[in-house]
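Cover the charged pairs, the domains and the nonpolar cores.

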Amino acid sequence: MIVTGNPFKRCKCRAADGKDLESRCPKLRRKDGSWNPNHGTWYGKEELPARPDGKRHYLKLGGFATEAEVVERYQAIGRLLDIPDAGPEGHEARMEILAMVKAAHRKRAPMPDYEELHKKYRAGQPLQSMTFGEYWEQWVARRRRLKDIRESTLLGYVSHWETHIREVLAGVRLDRLFVPTVEAVFARIDEKNAALLAARDSDDPQVRAGVRGKRPTGPVTKRRSVPCWPTRSGSTWCRSTPRRC
């Protein structure tokens, strides 16, 4: 997306009626029509790709010291907005990136890193840092809304999450989710199995009664619990291979 921001200047001068003159202030331009470098602040405004419903929308940012800063910032934003797929398929991700851009500009923080966002988008990962538990809730809600996977498959994922995964991974940030962290889920399953078997052999009748009817988690269920993680598209990614499945 090639954008320049269409730089212009505004100021906070007021008219006789007390209303802001904004870009209509006569001090903003010299007699020859060029911009006055000693008055006003630089702004940019650019039309963005239309929404899925066809409505037009714009990105307007201000507070720049020079015209060159406006152009440079909008060109960087245009590159970021090119990361998602074109058309309606990439609209949701584009809006997420746009929100990140606005937040960074408002806080005077650095713009989102292009390489990082590009990598996350292509891997189907959330673009913003969040915990695995937060992402899981969003992913399940989206699957239920779109109905793009079988209900029985989704119920299986939810069952594994509630039984084995939540207590270990819910609070882990996605960008900190590495193999040793995932292996902690298996370690926790083994701990539960050991505790269950010990309770079965206990001399205390109440302890034995507390685990009556419960079964240890077997190897097949363990493999089903953590081999695959959901992606933005609704498919899953096998971390052990890795491959799409």
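D148 is partly exposed, with a relative accessible area of 36%; here buried means under 20% relative accessible area, exposed means over 50%, and partly exposed lies in between (1.4 Å probe, protein chains only). The model is predicted, so local features need pLDDT of at least 70 and side-chain atom pairs count only at pLDDT 80 or more, while totals for chains, interfaces and linings use all residues. Residues are numbered from 1 along each chain as its sequence is written, and side-chain values use heavy atoms, with hydrogens and water left out.

**Salt bridges**

- D148 forms a salt bridge with R143, and the closest N and O atoms are 2.8 Å apart; a salt bridge is a side-chain nitrogen of Lys or Arg within 4 Å of a carboxyl oxygen of Asp or Glu.
- Side chains of opposite charge can pair when their charged atoms come close.
- The structure holds eleven salt bridges.
- One of them joins D20 to R14, at 3.4 Å from N to O; D20 is partly exposed at 34% relative accessibility, whereas R14 is exposed at 57%.
- E162 and R166 also meet in a salt bridge, with 2.6 Å between N and O.
- These two residues, E162 and R166, lie four residues apart in helix α5 (residues 151-169), about one turn of the helix; helices (H or I, at least four residues) and strands (E, at least two) are DSSP runs, numbered from the N terminus.
- Both are partly exposed: E162 has a relative accessible area of 45%, and R166 has 36%.
- A network of salt bridges links E167, R188, E191 and K192.

**Domains**

- The chain is assigned domain 1 (7-123) and domain 2 (132-225), with bounds that come from an automatic or database domain assignment.
- The C-alpha centres of domain 1 and domain 2 are 45 Å apart.

**Nonpolar cores**

- The largest nonpolar core has 22 residues, and L59, I77, I97, L117 and L127 have the most contacts inside it; such a core is a set of buried Ala, Val, Leu, Ile, Met, Phe, Trp, Tyr and Cys residues joined through side-chain atoms within 4.5 Å.
- Two or more residues of this core come from each of β3 (41-48), β4 (57-64), α1 (67-81), α2 (91-106) and α3 (114-123).
- Helix α2 gives the most to this core, with six residues.
- A second, separate core of 17 residues includes W139, V140, I165 and V185.
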